[in-house]
Amino acid sequence: MERSCSSCPRPSSSPPIREWSNREVGDVMKRYSVPDWPLLATYLISEASLEGSSRWSSYIDALPRQPYSLLYWTRTEIDAYLVASPIRERAISRISDVIGTYNDLRDRIFSKYPDLFPEKVYNMENFRWSFGILFSRLVRLESMDGKVALVPWADMLNHSPEVDAFLDYDKSSQGIVFTTDRSYQPGEQVFISYGKKSSGELLLSYGFVPKEGTNPNDSVEFMVSLNKSDECYKEKLQALKKHGLSESESFPLRVTGWPVELMAYAFLVVSPPEMIQRFEEMAVAASNKGSSKPALNYPELDEQALQFILDCCESSIKKYTKYLEGAKGSAEVSINTKQANRTLLLKQLARDLCISERRILYRSQYDIT
Ligand SMILES: C[S@@+](CC[C@H](N)C(=O)[O-])C[C@H]1O[C@@H](n2cnc3c(N)ncnc32)[C@H](O)[C@@H]1O
């Protein structure tokens, strides 16, 4: 393990009042016990608004004006380009969480102190920016109980799924230490790992998709549902609900295989009325809430359960293929070069994601047949 120690001060994690250049703003935020993420987002906006008089001004000047995350995609772009991918739903719900968080801060705090929190600074656009920065640059510090922090020098590092390098707070040196899994030559680019993230998750938070086939942590959320015309629909749904599941569930399909919970769900979907006594144990296995992993042993259902998964894979693949083939031919007339470049970039990202996710589905199909 190679270690390199920073000379920067303690990271900005839940900044104490004295860390706020505008103490009054910090004081109000502290009184309302705002949680870490919205607190840091507000802190960043407050410091950015002070320009040269903030101690973080050179750091803030170096931050991107528009972080590359799905927060900057419009609803029309998300619907058009991510129509086949489950990341679409996650992007929509993340954007709505950010808007909800801003609205909550505005209603509870900012509107009560308009002189301290003027709307021209503390507005939705600036919160989109600060949350975009947090999603793409925050570091989780394990030795500080998983606290999140912005670490100015360290957030210049790019991600590689192939390295096992990480950042953490080091009590003895009172700084952030970067630990790599190998040594580097001078001039060589040093990478970090943003965590074992799927390509969809990397697009969601960081705005990029690794090259096809290079992400060993890749996965795609795979949606399966009970059949409404099943004569045991009610009993199966009851068993699922009892264990915290619903009639439609998502399971991660990985490049390395699928979870046993998906197989258990498939067993439940295809099991005939004579097996009613076993619905509950299947639901327990699908929820993974049992104390030990139950052996899923229903040889009489194996073929049907695999066929069910195969059919679901096929219908997902069709959606991807339809999108990819449609996207190939659609030539949009764009208003200006900037917009045309943006459209090209987003389409390329969506295309790369769809190809990666479809590849996992193909692989799962291949494993079954
Ligand atoms: C923590 S910052 C890394 C520093 C970034 N290069 C910069 O100069 O701001 C995260 C951003 O870097 C870019 N990035 C990081 N790793 C990447 C990779 N492997 N491929 C493409 N872009 C990457 C993405 O735009 C991401 O949002």
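Start with Gln174, in the loop between β5 (166-170) and β6 (175-180). Helices (H or I, at least four residues) and strands (E, at least two) are DSSP runs, numbered from the N terminus. Residues are numbered from 1 along each chain as its sequence is written. This is a predicted model, in which local features need pLDDT of at least 70 and side-chain atom pairs count only at pLDDT 80 or more, while totals for chains, interfaces and linings use all residues.

Most residues other than glycine have a negative phi. Gln174 counts as exposed because it has 10 C-beta neighbours inside 10 Å. A residue is buried if 20 or more other C-beta atoms lie within 10 Å of its own, exposed if 12 or fewer, and partly exposed in between, with C-beta atoms placed from the backbone.

Next, select Glu51, in the loop between α2 and α3 (57-62). Glu51 is not a glycine either, and its phi is positive at about 45°. Glu51 is exposed, with 10 other C-beta atoms within 10 Å.

**The whole chain**

Zoom out. The chain has twelve helices and nine strands. Its C-alpha atoms fill a box of roughly 75 × 55 × 50 Å, taken along the principal axes. Of the 369 residues, 32% count as buried. Among contacts in the chain with a separation of 6 or more, 70% are between residues 24 or more positions apart. Two residues are in contact if their C-beta atoms, placed from the backbone, lie within 7 Å.

**The annotated span**

Select residues 85-195, where UniProt, in an unreviewed entry, places the feature "domain: SET". UniProt positions are given in the numbering used here, feature names are shortened, and annotations may be inferred rather than shown by experiment. The span is 32% helix and 19% strand, and its end C-alpha atoms lie 21 Å apart.

At the end of this span is Gly195, in the loop between β7 (191-192) and α7. Gly195 counts as partly exposed, with 13 C-beta neighbours inside 10 Å. Draw a distance from Gly195 to Thr74: the two are 121 residues apart in sequence and 27 Å apart in space, C-alpha to C-alpha.

**Helix α5**

Select residues 87-108, which form helix α5 with 22 residues. From first C-alpha to last, α5 reaches 31 Å, close to the 32 Å expected at 1.5 Å a residue; the expected span is 1.5 Å times one less than the number of residues.

Which residues of α5 are buried? They are Ile87, Ala91, Ile95, Val98, Tyr102 and Leu105. They cover an arc of only 95° around the axis, which puts them on the same side of α5. The arc is that of the directions from the helix axis to the C-beta atoms. An α-helix has 3.6 residues a turn, so residues three or four places apart point the same way.

Turn to the face of α5 away from its buried side to find the exposed residues, among them Ser93, Asp97, Asn103 and Arg108. The cover over the buried residues of α5 includes α2 (36-49), α4 (75-81), α6 (124-137), α7 (199-206) and α12 (337-368).

In α6, select Trp129. Trp129 is buried, with 21 other C-beta atoms within 10 Å. Leu71 is 58 residues from Trp129 along the chain, yet their C-alpha atoms are separated by 8.6 Å.

Now select the ligand. Its surroundings include Pro64, Tyr68, Asp155, Met156, Tyr206 and Phe208, where a residue counts as near if its C-beta atom, placed from the backbone, lies within 6 Å of the molecule. α6 and β4 (158-159) each supply at least two residues of this shell.

In α10 (residues 279-287), select the buried residues Phe279, Met282, Ala283, Ala285 and Ala286. They cover an arc of only 160° around the axis, which puts them on the same side of α10. They pack against α8 (233-242) and α9 (260-270). Asn288 follows α10 and has a positive phi, near 60°.

Finish at Ala327 in α11 (residues 302-329). Ala327 is partly exposed, with 17 other C-beta atoms within 10 Å. Leaving aside its neighbours within four places in sequence, Ala327 is in contact with Lys347 and Arg351.
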